[in-house]
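Q: I would like to learn how to read strands, helix contacts and salt bridges from a model. Where do we start?

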Amino acid sequence: MKLMSWVLSTSLILPHVPVHAASGNSLSIDTKTLYQNHATNSIMANQSLMTTKRQSFAKDHPKLGNVRDQLFTDMSKDHNMLNLQTGMTFWEEFQALQNGDRKVITDKYPGELFVKLAARVKPDLLHFITWLNANGLAALKSVLHNAPNGILELESLRIKNNPYKADGPTYVITKYKDVVQALSNPELFSVRNYHQRMKDSVGDFMLGNDKKAVNHEHTWARKMIDMAEMESRVRPLIRSIFQQEMKNLEYIKKNPSTGQLEGNIELVNQIARRIPAILTIKYFGFEGFTPEKIMEWSRATQDDFFHNIPNDQNKAAAAVKAGQEMQIQLVSLVDRKFSQIESLARLSPAQRTVLDRMVLSIGEINESMTPDELIEKASDKLYLKKSDDENIETLSSKELVSRIKSRIRTNLIGTLVGGIETTQAAIVQPLNLLLSNKELLAQAKNLAIQARSSGQAQQTFNNFIWEVLRFHPVNNVVFRVVEKDTELSGVKLKGKSHVMIATQAAMFDPEAFPNPESIVLDRFASLREEKYFHLGYGHHRCLGDYVSMVQVPEIIAGILALPNVRKMPGEFGELDFNKMTKRNLIGGDEFDRSFPERMIIEYDSSEARPLTMKPIEVPDYNTPFEAYLRDYDRIHFRGCLSGWNIVQDQNGQLLYSPSSSTKPIYYPRDPRYITQTSEFSSHPEMLKTVKSITDNKIKNGTALAGTFIRGSQEFAMNLREGNNDLLYCRLPIKFHICFESESEKVKKVLGIAQISQDAKSGDSLVHAPVKAIAGNKAVEIRNQTEKADPRLAEAHRHIFSTCASFAKLTETEKAFYENRYFGKPVDLAKLDTRQSQRPAMWDKDFGHEDYFSAQPRYYYRGSYINPAGWGGMEEPGKIDFYVRLNFKYRMCFGGKLLKRVPRCEGYNACVNGTYNTKTFKYEGALSPMERKVYNELIFADGPCEK
């Protein structure tokens, strides 16, 4: 459980905030409705139910006594501050816990969670973190208004293998003046918690230091970003990128009920991450890199530097790898720029990237220059020492040239590290609020339209966005380490302690933010006053703040301009922070929740923005092959994903089957996927190998839990490897038999014990007992290749070449395979589209796919393997639709079936979502269209709802 990574993440449910009467230039919005989904609103409106819950909770927890949250005064106004399960505020539960009532936690989070964490995290810290995650603003406001001087002292945070000493309490600071004082004194409230990790990854960067000599580079670096060109150059560039990416990536579909064309796009990855990544390439100067690689580097480094409080070594390793890749791949780019100084000087300022300016500011350098000349060029710009006491005058010219270029690279990397994830969160989280409230959305659209008319109107819209962002900021707290004993507002803080500096609470402190519950359009004249904390503060102010001030509102305005823009109804339109890190078919998957990861929005075709269907609509650019390789023979596809056996029917046809039986009516009818035993007459050893291993899989050590074909089930531990399976299983069965047979030969040659060492870690509850039987023989070559064993990579390429020829793969199939596994670029414009056409015979069974294809697929593969929920369905079309539904609904419905609850009763219990006690939120509701198709398609004995 990566508990403390939650602390720095934004809330999984948005906090509930009441609004008081606004004064001045304010919007009259009832902000308490911004953070509640419809199911939550309907329950919260039932005040008598919440009153009963509060009374029952107080009765069951006698130590609660008469403790009350002084901020909670009126059920009709303040119910948004409550935990729906208990009807109590954070402060009321916290005081009960302080009085010795641990049932406050154990009743809410029974069993595994409390047992696991009680030994490592004390109850009050666990309680605060849980609330911070689920309803952060309510918890922080409770501390702000109830804790002495707004400072809360919690138990010590114990971090495994912590590289620095921090054995004091954990403090939460909420008042504006204290937050400012802490952030203004970096030597006392230091970034020690991520200093070394940043240094190990990208180098000795200014952001990871506190008032060291290296921090002087900040002044030089800021001069490379010209504020005067933000409107003339950066805004038009962002607007152009946005329009092009929308055109390229939006998915067009036809509403089966209205016949109208609709567009949808996955907001986080296709817009909010991708546009800043492209801007990083075009404006900052990461020339020659793909947006995908930029996004990968940014997430890995930011996740480790600013969200890895528990010192997770996997996160640290990913950041180091990203930093090393950036440094290595930027060497040639920076060298080339220094060789082109004369041509760079001829460019106009508007044509130069930030990297161009960095290089020009240093000027020509070469090893023939004297050390004094080189030092003079870098003076007051770059920090060339490896330690403050080093005498760089003794260094050779060669070493000085190397260090100058290295410092250029590190500072350029800094623009990437801080420029993607924080930006995408600042875009997505306000949009999530705006699209959840019709009244606020209408006013936002109006302000966005006015912003095009004048600079003042643009500033008003900008202020509006930063005001909305207060209610769900990129980070609601930042971590620091108290270096020595100190005092804030009369409260003594012990040295060597962790402190959560609650910047969000400070933005709701009425002493600095009058009428904090109101959205005030002219609260501050400029973001440069630093009062919002959105772009850092003081010593650690964001280097790219000028760019962010333009980029965030501009992209939000672009989304608001889409006709009838809305969140996709149902669970897939909700903001999702889950990033799969480990795939466990039994025992549950594991996730990192550091950043927003998915949110789908929809919009209509209109005269102003007409939509037209493209020849091929690609719903998910993580898996573009699905649109080109549309295998409607879903028993073949599902059998491969599920790890079924390959059996032979009475006609000599090879089929996937969960047992030795076959049901011909549901087996291949498309000649492309029909394979006969006779096709192996010249290669009998292939079929013999597969069948012999299938007879006794675990004993022979080549498969997991009855799975041989599609053997990567045992090691497909994350989303990337799972997506590999989605491609692999779309290929013909003849290819699968060849691949698995050839893999067995390679394993015998290379030696299983040596090539499977990296597969030992991360075993799920399924993997461990199987490996106890199979030893190190349970190895699958396809996904092990991704773990950088050069022998496996070479073997994989050889096997693919052999089997692609044997199975006569199409050029399109080969192109996608080589792209997916070997990184070979694929040009979609050159691909054959014949496999993308759905045969008419499949229209009835799979027509729903055209409308539902854009829904997230990261649980799709495992859903085929686990029959809970679709058990009893035999028609492939029904199963295909069911496994496209959100995972939370399917977990609920499948659980009901396992308890023998009638189908309609289970459906009605789950269709509106189920309450998640960890997020204080109803999750997993089906959309109206999903409900309509579900009742028409799934229930053979009549719909559960008309």
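A: Start with pairing. Two strands pair if DSSP finds at least two bridges between them. This is a predicted model. Here strand 6 and strand 15 (residues 600-604) pair in the antiparallel sense over five bridges.

Q: What holds paired strands together in general, and which residue of strand 15 is the bridge partner of Asn-264?

A: Strands of a sheet pair through backbone hydrogen bonds, either parallel or antiparallel. In this case, Glu-602 of strand 15 is the bridge partner of Asn-264. Asn-264 of strand 6 also stands opposite Tyr-251.

Q: How many bridges link strand 5 and strand 6?

A: Four, and the pairing is antiparallel. Strand 6 covers residues 261-266. The two strands form a hairpin, with six residues between them. Look at Gly-259 in that turn: its phi is positive, about 75 degrees.

Q: In what order do the strands of the open sheet run?

A: The order is 5-6-15-12, four strands with antiparallel pairing.

Q: Is strand 6 largely enclosed or left open by the rest of the structure?

A: Six of the six residues of strand 6 are buried, so the strand is largely enclosed by the rest of the structure. Check both faces. Leu-261, Gly-263 and Ile-265 cover one side, while Glu-262, Asn-264 and Glu-266 lie on the other, and all are buried.

Q: Glu-262 carries a carboxyl group. Which residue forms a salt bridge with Glu-262?

A: The test is a side-chain nitrogen of Lys or Arg within 4 Å of a carboxyl oxygen of Asp or Glu. Arg-566 is the partner, with the closest N and O atoms 3.6 Å apart. Arg-566 sits in strand 12 and Glu-262 in strand 6, so the pair ties together parts 304 residues apart in sequence. Both Arg-566 and Glu-262 are buried.

Q: How many salt bridges are found in the whole structure?

A: A search finds 58. Take one of them: Glu-517 and Lys-141 meet at 3.1 Å, N to O. Glu-517 is in the loop between helix 24 (503-506) and strand 11 (519-520), and Lys-141 is in helix 8 (residues 123-146), so this pair ties together parts 376 residues apart in sequence. Glu-517 is buried at 6% relative accessible area. Lys-141 is buried too, at 4%.

Q: Now helices. At what angle do the axes of helix 14 and helix 15 cross?

A: Roughly 105 degrees, with the axes of helix 14 (residues 274-284) and helix 15 (residues 291-307) coming within 9 Å. That makes helix 14 roughly perpendicular to helix 15. Helix 14 makes the contact through Arg-274, Ala-277, Ile-278, Thr-280 and Ile-281. Helix 15 contributes Pro-291, Glu-292, Ile-294 and Met-295. By class, the contact has six nonpolar, one polar and two charged residues.

Methods. Residues numbered from 1 in each chain as written. Predicted model: local features only at pLDDT ≥ 70, side-chain atom pairs only at ≥ 80, totals over all residues. Heavy atoms only, no water. Axes fitted to C-alpha atoms, helices over the stretch in contact; angles between N-to-C directions. Parallel < 35°, antiparallel > 145°, perpendicular 65-115°, else oblique. Contact = heavy atoms within 4.5 Å. Nonpolar A, V, L, I, M, F, W, Y, C, P; charged D, E, K, R; others polar. Buried < 20%, exposed > 50% of the residue type's maximum accessible area, 1.4 Å probe, protein only.
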